[in-house]
Amino acid sequence: IHPQQVDRWVGWAALALALSVPLTFVLYLHIPFRPDLNRTEFPLSQAAWLVLIYLDLVIPFFLSGIVLSLALSACGQIQGMIPGGSVNISIVYGSEKREWLQPLVEQFNAAGNKTADGKLIVVEATPMGSIESVRGILEGALQPTVWSPASSVYIPVANAEWRKIHGEDLVTGNPNDLVLSPVVIAMWRPMAQALGWPDKAIGWADIAALAISEEGWSAYGHPEWGKFKFGHTHPAYSNSGLVSIIAEAYAGAGKQRGLTEADLNDPNVRKFMADVEKSIIHYGTSTGFFAERMFERGPSYLSAAVLYENLVVAQETKRLNGQSSQIPVVAIYPKEGTFWTNNPYVVVNAPWVTEEQREAAGIFETFLLDRDGVINRAVVRAGMRGLNEGQKISYDLQNERGKTAAANLRAV
């Protein structure tokens with residue numbers, strides 16, 4: 001049962017109960033109280049009769065409301081019967097952009113935006129892992145109007161799976177990108193400095209060396225830190241986990257482009273990837289929630305994790321504002337190169353999406369892509385990057401990371 005359908009049932013039930021109260025009161029005023037009645041033949045008091053009358057009204061009103069709700073839901077006419085009604089659009093999106101998107105959803109809803117027919121647009125947004133969400137769509141557990149994963153990397157797979165069932169693509173055309181954010185290795189600053197940061201470029205090879213080292217951090221003069229503990233989200237549920245595996249493969253093959261099947265079958269590449277993955281002690285299903293866990297629990301939980309740049313920005317902003325007592329964390333841009341995530345806005349090509357919802361989703365998309373004024377400030381404030389890759393972000397990572405790695409950033 002879809003949550004919106006449950007909401008409608010509850011609404012009709014509440015209406016039935018609300019109507020029954022005044023009707024019962026009206027009848028109460030017209031019930032004569034007969035003290036002369038024989039109590040053995042007519043033992044019920046006026047109050048008891050009131051209860052019976054109330055129940056007699058509640059049950060038919062309640063059942064009628066439920067039946068009417070089911071009928072209208074089945075016909076899809078509930079909104080059309082209400083003058084100046086509303087059209088709801090649901091969005092599932094990668095949790096890494098929650099701090100950017102959620103305030104904008106609230107702002108959009110508060111502004112009272114309407115469709116061409118004058119219907120109020122209501123946006124409902126739910127954060128979750130990018131791949132977890134599309135799996136829900138493919139399995140029929142989720143029926144959103146819009147899907148906005150962290151990157152487009154999984155779209156071809158989603159389309160292939162959707163075609164098996166529906167004979168057409170789930171994602172059609174070329175969806176617009178909303179914002180950009182590089183994939184980085186987030187590491188606590190003292191640990192990064194022990195590896196030579198910011199003067200020394202650090203990459204996946206260094207992570208692999210730490211992963212297989214018996215000495216762990218002792219080799220860098222810090223036995224108190226123990227073993228190197230690395231983490232990334234699960235590649236079957238989250239975009240950053242999938243990108244982590246791809247980045248490891250590129251690094252193992254010594255390439256920045258043109259990875260082939262032969263590269264993936266190369267024993268040296270396989271060993272390199274296995275060495276990196278040996279240090280993984282925690283997987284997550286969603287990058288945003290995974291980052292929160294790392295930043296809450298500190299270095300004893302993880303030494304480093306594959307995250308998005310904006311999540312590092314958000315954590316450092318909290319620390320500098322006194323909202324976090326953790327030690328500083330820095331964004332490491334692997335020397336072998338890293339990836340941009342492009343956060344596409346996809347109105348899904350699914351049978352449950354109406355033309356009215358497509359129109360409403362387009363209006364919300366236009367709102368998000370408006371880079372003037374408040375929207376642009378929201379991008380900067382959340383540590384995201386605009387579609388112009390050179391846009392300055394709110395927290396100056398240049399001072400934290402040393403030389404910029406922009407030359408090694410490339411879009412996925």
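Across the whole of this predicted model, a search finds 12 aromatic pairs. One of them joins F108 and F364: the ring centres lie 4.9 Å apart and the planes meet at 70°, so the pair is edge-to-face. F108 belongs to helix α3 (residues 98-110) and F364 to helix α13 (residues 355-369), so this pair ties together parts that are 256 residues apart in sequence. Both partners are tucked away from the surface: F108 is buried at a relative accessible area of 1%, and F364 is buried at 0%.

Aromatic rings also gather in a cluster made up of W204, W217, Y220, W225, F228 and F230.

Beyond its neighbours within four places in sequence, F230 is in contact with residues including I185, W204, I207, V276 and L302.

Finally, the backbone holds two details worth a look. Most residues other than glycine have a negative phi, and most peptide bonds are trans. The bond from W197 to P198, however, is cis, with omega near 5°, and P198 lies in the loop between α6 (189-194) and α7 (204-212). N343, although not a glycine, has a positive phi of about 50°. N343 is found in the loop between β10 (338-341) and β11 (344-347) and counts as buried, at 1% relative accessibility.

Conventions
Residues are numbered from 1 along each chain as its sequence is written. This is a predicted model: local features need pLDDT of at least 70, side-chain atom pairs count only at pLDDT 80 or more; totals for chains, interfaces and linings use all residues. Side-chain values use heavy atoms; hydrogens and water are left out. Contact means heavy atoms within 4.5 Å. Helices (H or I, at least four residues) and strands (E, at least two) are DSSP runs, numbered from the N terminus. Buried means under 20% relative accessible area, exposed over 50%, partly exposed in between (1.4 Å probe, protein chains only). Rings of Phe, Tyr and Trp (its six-membered ring) pair if their centres lie within 6.5 Å; planes under 30 degrees apart count as stacked, over 60 as edge-to-face and the rest as tilted.
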